[in-house]
Amino acid sequence: MHSISRRGFVVSAAAAGAAFGLDGPMEFVGSAFAQASDPKLQDKGFFKFKVGTVEVIQLYDGTWEKAHDPAFIKNASLDQTKAALKAGGLTDAHVPIPFTVTAIKVKDKYVMFDAGTGGQAAASAGLIGKKDLMKAAGIDPAKVSTIIVTHFHPDHIFGLMAKDTNAQTFPNAEILVPSAEYKYWTDADVFKTLAEARHGLAKRIQATLPTWKNIKQVEAGKEVAPGIRSVASYGHTPGHTSYLVSSGGKQLMVLGDVANVPALFAKNPDWQAGFDQDGNVAQASRHKMFDRVVAEKLTVTGYHFGMPGAGTIKKDGEGYAFVPMQAQV
Ligand SMILES: [Zn+2]
């Protein structure tokens with residue numbers, strides 16, 4: 001099954017031409033085999049691989065079984081949504097939205113990208129804490145020197161703070177945040193442009209991050225830590241940022257939420273999730289980032305790509321497909 005998922009198949013030039021008016025062959029990825037999260041890896045809770053000399057650790061924080069809601073995708077019907085889930089080999093009883101945190105080991109220290117849900121974003125999530133997965137993966141939380149944040153949605157930052165007290169989970173780590181994201185959410189005027197449902201989030205951000213001494217704002221398009229560059233991928237939130245990790249001539253793009261569940265939003269990059277604050281900007285970023293990682297053949301991780309949640313993006317018809325790397329459990 002895994003070997004099939006990696007291979008894809010090529011439609012003949014004639015067939016592709018007939019279907020799409022194209023001259024050359026067009027590759028379709030066998031998405032029914034490619035898009036689902038691996039249940040064995042979910043049970044294990046972590047997955048490791050290498051990019052150059054850097055060890056990458058994927059930590060599984062759980063899956064939110066999101067009830068269907070016609071407002072979830074602005075420009076797709078529920079029937080289209082269910083059909084896309086099914087075509088991706090997923091259940092269509094609900095939308096399964098997994099959370100996977102990417103960490104890297106640099107010498108004897110760890111850099112984490114986002115912090116997980118902290119058990120505060122969906123009842124079924126928070127497994128990193130509940131199952132002590134950092135320890136299981138051999139990560140001493142005291143050795144997390146840096147946490148690099150893609151954006152300020154709850155499933156990405158609530159792992160930084162305790163549920164009732166807001167006490168820092170990683171008080172000794174430096175927390176790097178995109179400057180555009182920080183400025184937006186901490187602006188007193190944010191409530192004028194933010195959907196009502198997000199006001200509580202903005203208040204919590206304003207009550208915590210500005211009071212923390214270990215927060216450092218980083219600009220887009222810069223080296224933010226050794227071998228790690230920030231790449232603006234705005235739209236999902238005003239300052240949403242991806243990160244490019246380079247080691248030994250190899251590169252990994254930590255996409256963050258450039259796309260939510262790939263069976264829906266890689267296959268249909270023009271679908272706009274209700275979570276995307278500016279749907280049109282997010283859509284443009286999705287194409288730009290996916291075109292780049294396809295052209296440069298980069299390894300990627302996606303926060304909502306399940307487990308292993310790491311692999312490559314390929315063109316798939318008029319959209320894209322996420323092709324997970326082969327993982328031995
Ligand atoms: Zn997210």
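Visitor: Why does Phe275 count as partly exposed?
Guide: This is a predicted model, where local features need pLDDT of at least 70, side-chain atom pairs count only at pLDDT 80 or more, and totals for chains, interfaces and linings use all residues. Residues are numbered from 1 along each chain as its sequence is written, and side-chain values use heavy atoms, with hydrogens and water left out. Buried means under 20% relative accessible area, exposed over 50%, and partly exposed in between (1.4 Å probe, protein chains only). Phe275 is partly exposed because its relative accessible area is 22%.

Visitor: How many aromatic pairs are there?
Guide: Rings of Phe, Tyr and Trp (its six-membered ring) pair if their centres lie within 6.5 Å; planes under 30 degrees apart count as stacked, over 60 as edge-to-face and the rest as tilted. By that rule, the count is nine.

Visitor: What kind of aromatic pair do Trp64 and Phe275 form?
Guide: Their ring centres are 6.2 Å apart. The angle between the planes is 35°. That makes the pair tilted.

Visitor: How many residues apart are Trp64 and Phe275?
Guide: Helices (H or I, at least four residues) and strands (E, at least two) are DSSP runs, numbered from the N terminus. Trp64 is in strand β4 (residues 54–66). Phe275 is in the loop between α12 (262–265) and α13 (279–295). The pair links distant parts of the chain, 211 residues apart.

Visitor: What kind of aromatic pair do Phe99 and Tyr303 form, and are they buried or exposed?
Guide: The centres lie 6.5 Å apart, with 65° between the planes, so by the over-60 rule the pair is edge-to-face. Phe99 belongs to strand β5 (residues 95–106), and Tyr303 to the loop between β14 (299–302) and β15 (310–316). Both residues are buried.

Visitor: Which residue lies over the face of Phe158?
Guide: A charge sits over a ring if NZ of Lys or CZ of Arg is within 6 Å of the ring centre and within 35 degrees of the ring normal. At Phe158 the distance to the ring centre is 4.3 Å. The residue is Arg204.

Visitor: In which sense do β12 and β13 pair?
Guide: Two strands pair if DSSP finds at least two bridges between them. Strand β12 (residues 241–247) and β13 have five bridges. Ser246 has Gln251 of β13 as its bridge partner. The sense is antiparallel.
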